[in-house]
Amino acid sequence: MLNFSILKAAFKAFAVALLLAASSPFSASAQEPQTITKKGYTLHFHAQNPTFDAKQQQRLQDVFFTNYPKLVKDFNKESLKEVTITIDTAYDGVAYAHNGQIVISQAWMEKMPEDIDVVTHEVMHIVQAYPSNSGPGWLVEGIADYVRYKYGVNNKAGNWNLPELKPDHHYKNSYRISARFLDWIETNKKKGTVKALDVAMRNKTYTPEIWTSLTGSDLDTLWAAYVAANNKA
Ligand SMILES: [Zn+2]
């Protein structure tokens, strides 16, 4: 009987402690967002889960401050000066960017901790800032991955590279497949093509004819030349 009431009291105390813990700002609520300003750029960084690895947060912030100012300078000086990165506990994709906000999946970062250049790809979307219907979607993603290929700080450790050309590839496959094609055009046809395409899409002056005016060949002819060059190699 005595033991039972002690147990009952202990349980009551435990229940109260649980309630207190649930309402405490240090347990269930999100970690306070950090705001960091460097050389005129402000990053709001918010890991929703307070236990998200602090070193990893630092690495992601470092990629931002290394690459975002460079990309702004090289592609679009009118880019936003203030960006928010959220490490999302619920998002089940990899990452996305929209209106100065970048969301990265915490689960992805924990699974692929070396994939920190996901930030390089996403900040390029902020630099791109294309209005809607400004050009083909595959090219938007192709440029972002081309930029990751060129500016990425950890691609090798992240086991991220441009895949060898395969027979079933097409420039419309987007992402790395399009990025590798763009890199070939830059190296073998016309340096500066990516920058010119980027400007055109931002100004809404992109038309299919732009490929010919930039490189002397239309898009499908360029792709055929790219495939032929790869088959020879
Ligand atoms: Zn993207």
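Four of the five residues of strand β5 are buried, so β5 is largely enclosed by the rest of the structure. Here a residue is buried if 20 or more other C-beta atoms lie within 10 Å of its own, exposed if 12 or fewer, and partly exposed in between, with C-beta atoms placed from the backbone. Please keep in mind that this is a predicted model: local features need pLDDT of at least 70, side-chain atom pairs count only at pLDDT 80 or more, and totals for chains, interfaces and linings use all residues. Residues are numbered from 1 along each chain as its sequence is written.

**The chain as a whole**

- The chain has nine helices and five strands; helices (H or I, at least four residues) and strands (E, at least two) are DSSP runs, numbered from the N terminus.
- Read from the N terminus, the elements follow the order α-β-β-α-β-β-β-α-α-α-α-α-α-α.
- Of the chain's 233 residues, 28% count as buried.
- Among contacts with a separation of 6 or more, 60% join residues 24 or more positions apart; two residues are in contact if their C-beta atoms, placed from the backbone, lie within 7 Å.

**The sheet**

- The five strands make an open sheet with mixed pairing, in the order β1-β2-β3-β5-β4; two strands pair if DSSP finds at least two bridges between them.
- At the edges stand β1 (34–38) and β4 (95–98), each with a single partner strand, so one side of each is left without a neighbour in the sheet.
- From one strand to the next, the twist averages 15°.
- Strands β1 and β2 (residues 41–47) run antiparallel and are joined by five bridges; Lys-38 has Tyr-41 in β2 as its bridge partner.
- The pairing of β3 with β5 is parallel, over five bridges, and Thr-86 has Val-103 in β5 as its bridge partner.
- Strands β4 and β5 run antiparallel with four bridges between them, and Ala-95 stands opposite Ile-104 in β5.
- A hairpin is formed by β4 and β5, with two residues between them; in its turn, Asn-99 has a positive phi of about 50°.

**Helices against the sheet**

- Helix α2 (residues 54–75) lies across β1, β2 and β3 (82–88), running at about 155° to β2. Axes are lines fitted to C-alpha atoms, for helices over the stretch in contact, and angles run from 0 to 180 degrees between N-to-C directions.
- The 22 residues of α2 should span 32 Å at 1.5 Å a residue, and its end C-alpha atoms are 31 Å apart, which agrees. The expected span is 1.5 Å times one less than the number of residues.
- Buried residues in α2 include Leu-60, Val-63, Phe-64, Asn-67 and Tyr-68, and what covers the buried residues of α2 includes β2, β3, α4 and α5.
- Helix α4 (residues 118–128) lies across β3, β4 and β5 (101–105), at about 20° to β4.

**The nonpolar core**

- In the largest nonpolar core there are 44 residues, and those with the most contacts inside it are Phe-64, Ile-85, Ile-104, Val-123 and Ile-143. Such a core is a set of buried Ala, Val, Leu, Ile, Met, Phe, Trp, Tyr and Cys residues joined through C-beta atoms within 7 Å.
- Helix α5 (residues 137–151) gives the largest share of this core, seven residues.
- Both domain 1 (30–129) and domain 2 (132–233) give residues to this core, so it lies between them; the domain bounds come from an automatic or database domain assignment.
- Leaving out residues up to four places away in sequence, Ile-85 touches Leu-43, Phe-45, Leu-60, Phe-64, Ile-102 and Ile-104.

**Around α7 and α8**

- Thr-205 lies in the loop between α7 (193–203) and α8 (210–215) and counts as exposed, with 11 C-beta neighbours inside 10 Å.
- Between Thr-205 and Ser-134 there are 7.6 Å in space, C-alpha to C-alpha, although they are 71 residues apart in sequence.
- Lys-204 is placed in the loop between α7 and α8, has a positive phi near 60°, and counts as partly exposed with 13 C-beta neighbours inside 10 Å.
- Trp-211 sits in helix α8 and is buried, with 22 other C-beta atoms within 10 Å.
- Not counting residues up to four places away in sequence, Trp-211 touches Ser-217, Asp-218, Leu-219 and Leu-222.
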